[in-house]
Amino acid sequence: MGKVKVATTAMTSCFGCHMSILDIDERLLDLIELVEFDKSPIDDIKEFTGPVDVGIIEGGVSNDENLEVIRSFRKHCKILISIGECAIEGGIPAMRNAVPLKECLEEAYLKGPTVYNPKGRIPDDPDIPMLMNKVYPVHEVVKVDYFMPGCPPPADQIWAVLTALLTGKPIELPYEFIKKD
Amino acid sequence: MSATKTKERKIVISPVTRVEGHGKVTIRLDEKGKVDQARFHIVEFRGFERFAQGRFYWEMPVIIQRLCGICPVSHHLAAAKATDLIVGVDQLSPTAEKMRRLMHLGQTFQSHALHFFHLASPDLLLGFDADPKIRNVIGVALKHPDLVKMAILMRKYGQEVIKATAGKKVHGTAAIPGGINKNLSVPERDELKKDIGQMLEWSVAGLNLLKKFYHDDIKRMSGFAAFDSNHLSIVAPDGRFDLYDGNLRAKDAAGKLIFDQVKNADYYKVIQEEVRSWSYMKFPFIKSLGPEKGWYRVGPLARVNNCDYMDAPLAEKERQEFMKLGEGRLVNATMAYHWARLIELLYSAEKIQELLNDKDLQGTELVREARHRGHPRRDQQEPVGSGARRAQEGHRPDAGVVGGGAQLIEEVLPRRHQAHVRLRRLRLQPPLHRGPGRPLRLV
């Protein structure tokens with residue numbers, strides 16, 4: 001049997017869940033013996049090279065580019081896992097759902113104390129993603145198979161999930177692995 | 001990196017990985033195939049500037065740090081420092097300040113190790129022109145397993161320092177308005193002391209590795225993407241290198257001061273940010289020089305260039321050697337960022353060692369109370385709701401909302417923002433008490 005293929009991405013989030021993946025530390029060396037990374041910021045591969053076994057999604061969906069990425073992940077991955085609060089419930093970025101998007105943009109680009117914007121223009125170039133009115137959790141857009149909670153999930157939880165997936169053994173998640181702050 | 005050409009003769013690199021953030025590069029070519037325009041876009045907009053408004057001020061250290069999961073400590077501490085001002089605490093207790101400093105050094109140590117070994121080393125170790133399929137940290141791990149193991153353990157050490165000081169490796173909870181909510185226990189200290197010698201040794205080894213790369217390929221290293229720029233950083237009042245707190249200093253490419261010792265809370269007087277249509281990130285510039293000429297470098301290169309000295313003997317020696325690269329001017333080579341970053345890595349290791357031997361970290365004065373200015377202090381009132389727990393930690397739920405804090409806000413914020421602060425102050429009522437164990441609702 002070939003190595004299990006894993007893809008990861010970070011959408012509207014802070015990369016903290018990817019950092020928590022790195023926090024498995026020395027076990028990373030074991031991991032790369034067991035899996036082969038496909039599209040992922042970890043190995044710089046930008047497009048799927050083919051079907052993938054496990055897709056790990058960090059971050060919510062807040063713009064058209066996220067939407068494209070998440071649909072492509074669902075298309076290519078047999079199993080899709082939402083990792084962290086932003087993917088599972090929108091997280092901190094979803095705090096903007098309580099405020100009209102227009103106000104958020106005006107605060108950042110027109111009203112802030114250091115803003116210099118003589119033309120009064122809010123970023124709108126076709127080369128940057130178009131924002132959605134709300135930030136959505138991943139499973140409101142595509143079907144998600146598993147959820148890893150936490151902000152971020154502790155490295156031990158991530159390791160427990162990955163090894164359970166790779167070995168087919170039932171997963172054990174003691175309280176410490178899933179408790180929040 | 002893979003690149004795709006489209007009909008409009010535009011090269012797009014997306015996502016840009018091996019940077020700390022969400023980016024995209026577009027390069028437009030003219031009919032002759034020459035570069036007409038090259039842009040680096042920040043593709044993420046979240047709206048922290050707006051949605052943080054109206055929240056409780058003590059939530060800021062945990063909300064704002066979610067800006068970045070790679071350097072959360074920087075944002076955690078920046079927000080905590082702002083809330084110190086709001087509650088009117090000018091001077092933290094030695095334990096609180098040193099805990100925060102140690103937390104930040106842990107962060108610099110792990111982030112610099114990550115940047116150099118995980119993100120940058122593939123280009124250096126495997127070559128600029130190596131196959132993109134292997135030119136990544138996994139490629140390095142397969143070819144140089146010992147080096148990667150060292151990198152992993154260095155990053156792990158920094159993360160352990162953060163965990164011991166912040167409570168968690170990513171997005172900690174320790175810095176609170178007016179102080180910190182834990183000290184460094186003796187077992188935690190002893191655990192960290194065990195490996196610090198090794199970390200120092202490896203920091204020196206990493207720096208020597210980079211210096212060798214630099215000197216072996218000096219033409220490319222000092223010429224690649226080298227350009228003159230201004231440099232901005234914080235320094236201590238006496239010009240000492242500092243990462244946690246200090247005043248703003250800006251120098252031009254030659255090393256001439258543009259401004260110096262500007263209080264960090266006065267940043268808006270010297271810095272503006274230009275909005276451009278093609279990036280969600282604004283383009284900061286030094287006000288007096290204008291948007292065309294006022295842009296500047298920040299980060300390790302600017303900090304090492306700008307300071308007068310480092311109070312860590314090994315790092316200071318390295319800094320002096322490094323500054324010779326500039327031949328009397330500042331160092332303006334982009335690849336020298338790596339060198340400066342590894343000097344900071346060494347500095348962090350030395351300062352971590354120094355702090356681990358400091359008994360103040362086992363002190364028990366964690367939080368200082370607000371000093372009200374100009375208004376009579378309210379009598380101690382029965383703490384309510386979640387405030388009760390915070391009050392036990394020495395923090396009064398209403399401290400800084402009324403009275404002195406207000407005065408300070410007006411000192412640190414521009415006038416146009418004051419109306420908004422006043423509005424926010426009205427919303428900052430302590431939560432109502434809904435009976436024991438019941439959820440709290442805002443007023």
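In this predicted model, A:Val115 stands opposite B:Glu273, a residue of strand S10 of chain B. I begin there since that pair belongs to a strand pairing that crosses from one chain to the other. Strand S6 of chain A and S10(B), residues 271–274, pair in the parallel sense over two bridges.

Let me widen the view to the whole interface. In chain A, 56 residues are in contact with 71 residues of chain B. The size of an interface is often given as the accessible area lost when the parts come together. For chain A and chain B, the buried area is about 5,700 Å², and carbon and sulfur atoms give 60% of that area.

What of the polar side of this interface? Between chain A and chain B, 24 residue pairs are in polar contact, counting pairs with both residues at pLDDT 80 or more. The rule also finds seven salt bridges across the interface. A salt bridge joins B:Lys10 to A:Asp127, and the closest N and O atoms of this pair are 2.7 Å apart.

Which elements of chain A give two or more residues to the side that touches chain B? They are helix H1 (16–22), helix H2 (27–34), strand S4 (61–63), helix H5 (101–111) and strand S6 (115–116). H5(A) gives the most, with nine residues. Sorted by class, this side of chain A has 31 nonpolar, eight polar and 17 charged residues.

I now turn to chain B itself. Chain B contains 16 helices and twelve strands. Of its 443 residues, 54% are buried. Taking the contacts in chain B with a separation of 6 or more, 63% are between residues 24 or more positions apart.

One sheet of chain B deserves a walk through. It is an open sheet of four strands, in the order S9-S8-S7-S12, and its pairing is mixed. The edge strands are S9 (257–262) and S12, each of which pairs on one side only.

Consider strand S7 of chain B, residues 230–235. Why is S7(B) described as largely enclosed by the rest of the structure? Five of its six residues are buried, so the rest of the structure largely encloses this strand. With strand S8 of chain B, residues 247–251, S7(B) pairs in the antiparallel sense over five bridges. Within that pairing, B:Leu232 stands opposite B:Ala250 of S8(B). With S12(B), residues 296–297, S7(B) pairs in the parallel sense over two bridges. In that pairing B:Asn230 has B:Tyr296 as its bridge partner, while B:His231 has B:Arg297. On strands in general, the side chains of a regular strand alternate between the two faces of the sheet.

With B:Glu344, the side chain of B:Arg303 makes a polar contact of 2.7 Å.

To close, I return to the two chains. The cross-chain strand pairing of S6(A) and S10(B) is parallel, and seven salt bridges are found across the interface. Within chain B, the four-stranded sheet is open and mixed, with S7(B) pairing in the antiparallel sense with S8(B) and in the parallel sense with S12(B).

Notes: Residues are numbered from 1 along each chain as its sequence is written. Chains are lettered from A and ligands numbered from 1 in the order in which they are written. This is a predicted model: local features need pLDDT of at least 70, side-chain atom pairs count only at pLDDT 80 or more; totals for chains, interfaces and linings use all residues. Side-chain values use heavy atoms; hydrogens and water are left out. Contact means heavy atoms within 4.5 Å. Buried area is the accessible area (1.4 Å probe) that two parts lose on being put together, summed over both. A salt bridge is a side-chain nitrogen of Lys or Arg within 4 Å of a carboxyl oxygen of Asp or Glu. A polar contact is a pair of N or O atoms within 3.5 Å; within protein, one must be able to donate a hydrogen and the other to accept it, and residues adjacent in sequence count only if both atoms are side-chain atoms. Ala, Val, Leu, Ile, Met, Phe, Trp, Tyr, Cys and Pro count as nonpolar, Asp, Glu, Lys and Arg as charged, and the others, Gly among them, as polar. Two strands pair if DSSP finds at least two bridges between them. Buried means under 20% relative accessible area, exposed over 50%, partly exposed in between (1.4 Å probe, protein chains only).
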